[in-house]
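Dear colleague,

I am handing over the structure below, and after it you will find an account of what came out of the analysis. Please read the text with the coordinates open beside you.

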Amino acid sequence: MADMIATRAAYGNTLAELGKENENIVVLDADLSKSTNTATFGKEFPKRHFNCGIAEQNMMGIAAGFATTGKIPFASTFAMFGAGRAFEVIRNSIAYPKLNVKIALTHSGLTVGEDGATHQSVEDLSLMRSIPNMVVLCPADGVETKKMVEAAAAYNGPVYLRLGRPNLPILFDESYEFEIGKAAQLKEGSDVTIIATGIMTSTAIEAQKTLEAEGISARILNMGTIKPLDEEAVVKAAKETKAIVTAEEHSIIGGLGSAVAEVLVKKEYAPLEMVGINDTFGESGTPDELLEKYGLTAKDIVAAAKKAIARK
Amino acid sequence: MADLKVVANNIRQSIIKQISNAKSGHPGGSLSGVEIMSLLYFEVMNNDPKDPKNPDRDRFVMSKGHASPLLYATLAERGYFDKDELMTFRKINSKLQGHPDMKNVPGVDMSTGSLGQGLSTAIGMAMAARLDKKDYKVYALVGDGELQEGMIWEAVMAAGHYYVDNLVAFVDYNGLQIDGKICDVMGPEPIDKKFEAFNWNVVMVEDGHDLDELREALKKTAFGKPTAIICKTVKGKGVSFMEDQAGWHGSAPNADQTAQALKELEELGGTL
C-alpha cells in the first residue's frame, strides 16, 4: 500500500517543516537520530540539532534548560530509554517546573520487533500519564502524527508524544482536525464502543468490519490524547452503547485501558474489556508475530467486544 | 554595593533562622557555599531583583538543591523578595519549598532538588545563549557528593564536547555527605583530573571562603571550554559546632543551638 508511513517518519518530516516557521524549535537526540528521524531536521538545521550521545538523562536535562530560555525543545530517543531510563529527570526537571519540552519517543510497544523485550516499551503511557502537568499523545497514523506535532509545538507545557517504528496505513485525510484532549469518532455504532489508540486504531477498524458482518454495531473512537482524556466521549459511549473495549499496544496496567476504566468507575459504568499486553514482557519476533502472540489482533478485539456485550 | 563579608554573614544568619524555624533543612552544605553565592549575586552576575526574568540576565542553577536555604537567603538579601518570607521556608502553602521551585520564587532560574540534574539544565541555558547570540553566562553550584551521580558525568562530557564556555560550575568541595566523608562513601576524587579529562578548564580554590581567591578564580575562565571552579570549603562554615560535621548535613538546630549559632555569627560580623 502506497499510503503507508511510520509515525516516527511523519514526526521527522513535520519537525523539519516546523523548523522553517519557528526558529525557537531545537531538537535533541541520543545517538538514534536516524531511527527517530530527527536527522531530517538535523540536515536542514544543523545548528539547532544536538546529538547528546547515549545519555538520555542529560538530554532531558539540557532540554529543560533550553526551555527556560524560550526555546521549544523536542527530545527524542526510543520510548524505553526516554520514558523509562530518564523518567525521573522528566518528572523533576521538566514536568515539575512545567517547562515547554516535547518528549517525542519512538519505537514504543511490541512492534519494535526483533530487538526484543529490552527495547519494547509497554509501560511508557503509564509512566508519563502518572506525572502531573504532562500531556500524553499517541497518534494512529502519519496524518495524526503531523497534527499532533503541530499541536504540541503550539501548546505551552510538557508533552509526551508516543511514536512507533512500523509503517502504518493512513487513516485520516488532511482535513482531520486534531485537538488535544478530544477523541475522534471514526465509526458510529450502538452495541459496543471500541476505544483505540496508536497502531490499534487501524486494527479496531478491521475488527469493526468483522463485527458488522456478524450483525454487531461497533462505534470506534480514536483516542489520540491519553491525557487529558476525553471523558465526555467515554461517558457518552458508556451511556449509548453500554459496553466498552479498549485497544492499545501497551500494558493493560496504567495506559489507555486504565484511563478509560477510571472514567467508567467514576462517572458512568459500563462493562470494559481491555485489549493490550497482559502484564508481561515481550520477546524477539516480527511485529505481526508479536501482535498475534500477545493478543493484539482484530480477532482479539472482536472477541473482547463480544465478551463486553455479553456482560451488559 | 554592600560589604560582601557583611552580606555573607547576613546570609549565614538567615540560613540558620530558616532551618531553625522550619525545624528541618540542610545547614551544613548551605553554610559552605555562602561566599560563592555572595560573590555571584552581589558582584559577578548580571542580575536585577526588579527584573528577575530579563532574558539577558546571567543564570544560576543550584544543582545541589538541598542548599535551598542558601539560595533563598541570598535572593532575599539581594532584594528578590522580603526577608520575612524566609520564615515560611518548608511550611505548608509557602513559595519556599524544601527544594527550589522556579515557578514560584522570583530569582530561582531552575527547579532542582534531585541531585545530578541541575548541571544538565545549566548546559541547556548556556547553549541557548549561543543560539540567540546573547552573552549571558550560566553559573551552577554542584555538591562534591553530587558528583557520585552518573548524570553529572553525562553533563560534564556534553559541556566539554560542545565547548560550552559560557558555563561556570562551582564544586562545593566540603568533603562530607550525609553518610560521612565523600572519600569513604564513594570517592569522586581526583575531581580536577576528571573534569580536565572531559575538556574542562579547571581552577582550584584552596579556600572557598576567601572572596579574593574566588574573585581571582573567576578571572581564569577559558575560551572554548566550560570552567569548573573546585572550591575547598568547610561544611557548616561559621558555626563552630557545625563545622566539618556530617551530622549537620540535614538536621535543624534546636532553640539553644540556634541561639548559640546566631550569637557566634553576630560576633563574627564581617570578619569571617
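Helices (H or I, at least four residues) and strands (E, at least two) are DSSP runs, numbered from the N terminus. Please keep in mind throughout that this is a predicted model.

In those terms, His107(A) sits in the loop that runs between strand S5 (102-105) and helix H7 (124-129) of chain A. Its phi is positive, near 60°, although the residue is something other than glycine, and with a relative accessible area of 4% His107(A) is buried. A second case is Asn37(A), likewise not a glycine, with a positive phi of about 75°; this residue belongs to the loop between helix H2 (33-36) and H3 of chain A, and its relative accessible area of 17% puts it under the 20% that defines a buried residue.

The C-alpha trace of chain A spans about 55 × 40 × 35 Å along its principal axes, and buried residues account for 63% of its 312 residues. Where contacts in chain A join residues at least 6 apart in sequence, 79% of them are between residues at least 24 apart. Chain A exposes about 11,600 Å², and carbon and sulfur atoms supply 50% of that area.

Chain B, for its part, has ten helices and seven strands. A compact globule of 272 residues would have a radius of gyration near 19 Å, and the 17 Å of chain B agrees with this. Its C-alpha atoms fill a box of roughly 50 × 45 × 35 Å along the principal axes, 59% of its 272 residues count as buried, and its accessible surface comes to about 10,500 Å², with 49% belonging to carbon and sulfur atoms.

Within chain A, one helix pair deserves a description. The axes of helix H4 (residues 56-68) and helix H6 (residues 87-95) of chain A come within 9 Å and cross at roughly 10°; angles under 35 degrees count as roughly parallel, and H4(A) and H6(A) are therefore roughly parallel to each other. The residues that meet are Gln57(A), Met60(A), Gly61(A) and Ala64(A) from H4(A), and Val89(A), Ile90(A), Ser93(A) and Ile94(A) from H6(A). By class, this contact has five nonpolar, three polar and no charged residues.

Helix H10 (residues 231-241) of chain A has several buried residues, among them Ala233(A), Val234(A) and Ala237(A). The buried residues of H10(A) pack against strands S10 (192-196), S11 (218-222) and S13 (244-251), and against helix H11 (256-266), of chain A. After H10(A) comes Lys242(A), whose phi is positive, near 60°.

In chain B, the bond from Glu189(B) to Pro190(B) is cis, with omega near -5°, and Pro190(B) lies in the loop between helix H7 (182-186) and helix H8 (191-197).

With kind regards

Note on methods
Residues are numbered from 1 along each chain as its sequence is written. Chains are lettered from A and ligands numbered from 1 in the order in which they are written. This is a predicted model: local features need pLDDT of at least 70, side-chain atom pairs count only at pLDDT 80 or more; totals for chains, interfaces and linings use all residues. Side-chain values use heavy atoms; hydrogens and water are left out. Axes are lines fitted to C-alpha atoms, for helices over the stretch in contact, and angles run from 0 to 180 degrees between N-to-C directions. Angles under 35 degrees count as roughly parallel, over 145 as roughly antiparallel, 65 to 115 as roughly perpendicular and the rest as oblique. Contact means heavy atoms within 4.5 Å. Ala, Val, Leu, Ile, Met, Phe, Trp, Tyr, Cys and Pro count as nonpolar, Asp, Glu, Lys and Arg as charged, and the others, Gly among them, as polar. Buried means under 20% relative accessible area, exposed over 50%, partly exposed in between (1.4 Å probe, protein chains only). Accessible areas come from the Shrake-Rupley method with a 1.4 Å probe; for residues, only the protein chains shown count as cover. The radius of gyration is taken over C-alpha atoms; the globule rule is 2.2 Å times the number of residues to the power 0.38.
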